[in-house]
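Thanks, everyone; I would like to take a few minutes on one model and go through it chain by chain. Let me put it on the screen before I start.

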Amino acid sequence: MTQEPYLTPKRIASDPGMILLAVLLLMSAVIFIWWPTEVYVAEVSLVAWLMFATLPVSVFLTGYYVVWMERRESAALSHL
Amino acid sequence: MQVQESIIIVVYLVLMIIMGLYFARRAQSSEDDYWSAGRRINSFVGGVALFAAIASASSLMGAVGGGVELGLPFFMTYAFAATAILPFTVFLISGQIRRAGVRTMPEYFKVRYGRSVAGVAALIVVVAMTFYMVPQLTASGLIGQYVLGIDYGLAVLLFGAGFTLYAALGGMWAITYTDLIQGIIMLGGLAIVATAIWVHHAGPANLLSDALAVDPELGSVTQHWMTYFGIFLAFLWFGVISPSAVMRNFAAKSAKVARRSAFIASIFYAAIFTCGFFMVLAGAGLGIAGELDNTDMIFLQVLEFYLPPIVAGILMAALISAIMSSADAMLLAISAGVSQDLFKGFIRPQAREKTVVRLGIVVMFIAAGVGMWIAWDPPGLIAIMVGWVGGALLSTFGFPVVLGIWWKRANAPGALAGMLGGGIAFIVLVSGDFFALVAEPIIAAPISLVLTVVVSLLTSPPTAETRAMVDLWHSEERDAESV
């Protein structure tokens, strides 16, 4: 049986990095498309607060990816 | 001259050079040791070193100065993009590029696309990294002038010579371990100043209202949307396109270690920008931004105002840490670009390892000299200079790097067209002054993407071996075997 190549469109779409990248880019797109400069919270533009709020999200996404990849690798190891 | 601060800074500089001497023998034993620390760096050391390499003078001094002058939204854009560097890099390239088993970025281009692309890439690395040292050296000159009371140019020379010496002697080994110390000093130092600011103003709410009382426009968007988006794009891609950051991946023990390192670095980075937020508010609250020749100096003013001299001295050492830990990584990238990629790759492939390493050391001193010469009369604000270099690298390297990993059809003519087309578009845009500040990559990077894709599709596909190699870079089973 021919082994499926590693890099196929299906594999790319299900890659943890690509899925989380989509989340990161979606978050960025919402901020830059919405761009709420005239809404103020505590006298600071909402857009600034939104960007500040992304800091913990970025850290969480990175940590989630590390755990996700290591689980996949453990699963791959158990199949070897 | 501030005596206590000066003593701390000089002691710190000497300690870093001693570390370079300590690692010199091990680093100069082989090319792998010199440029990749023998690929034996673990997660924590690699993570803090990666953070220190990315967190440059711009992240600290530049972001705070830019925030005070251009408003909180500018600082937040900086923080948003800079913190997203790590996840963006790790999702897109970290594991795969580590599995490629190369030592430098041009070496990656050589393996993936061939010699011609590698040659162009090496030239771009050398030029871009030399320019990227300029904002770092500018920051060191400003600090030296302020703290040591010496001439700006002399301060640039002193600090430039300092980091060149330890980087040249100890290669990636010295750079990684000095970066580890520098990263810890940076975060610890900024945590101290943020706490002092918090206590002084009895909480962040008071701090914010004190700052807004002095500068009511602090919370407003002051620039065109494109400036914020341009800054965001240039920084988001920094981990992918900066050779000095990407080389950290090559030094990791494995793809797993590279990913964990990125996670640790992301925690450090988010923490440092949280502290930076307090510094922007404190800096604006001082109400002296308009009196300064260079707003980047506000960082030092905040330290002096809120901390006793001995603690301020340690903080200034932290700032110098940020400068050195980034500039040393840039020097290493330049050195590898010339000696490893151009000299060994094109001029003398049979050169002995010792000859290549020695040439690398000489190149470091020359590159540092050129950087110091340009920094003598800096062409702009630190944050803006960093934005330009990031934008130039994104416009040239961004898509050829990523498509090389994620699109097997990408080939050498496509990569070459993408690099040159994106680079030329960037130069035209930056020299013509057509756009908002640092917004050039918004146009130049898509040009690079389109050229890479179209030219690849119009020319022959890569060989079956190349396509199989790209497949292997995505093989998680290989990592599982090496766990």
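Among contacts in chain B between residues at least 6 apart in sequence, with contact meaning heavy atoms within 4.5 Å, 85% join residues at least 24 apart. Before I go on, this is a predicted model, in which local features need pLDDT of at least 70 and side-chain atom pairs count only at pLDDT 80 or more, while totals for chains, interfaces and linings use all residues. Residues are numbered from 1 along each chain as its sequence is written, chains are lettered from A and ligands numbered from 1 in the order in which they are written, and side-chain values use heavy atoms, with hydrogens and water left out.

Turning to the interface, what does each chain bring to the contact? Chain A gives 43 residues and chain B gives 50. The buried area, which is the accessible area (1.4 Å probe) that two parts lose on being put together, summed over both, is about 4200 Å² here, and carbon and sulfur atoms give 75% of it.

Between the two chains there are two salt bridges, each a side-chain nitrogen of Lys or Arg within 4 Å of a carboxyl oxygen of Asp or Glu. Arg259(B) pairs in this way with Glu73(A), and their closest N and O atoms are 2.7 Å apart.
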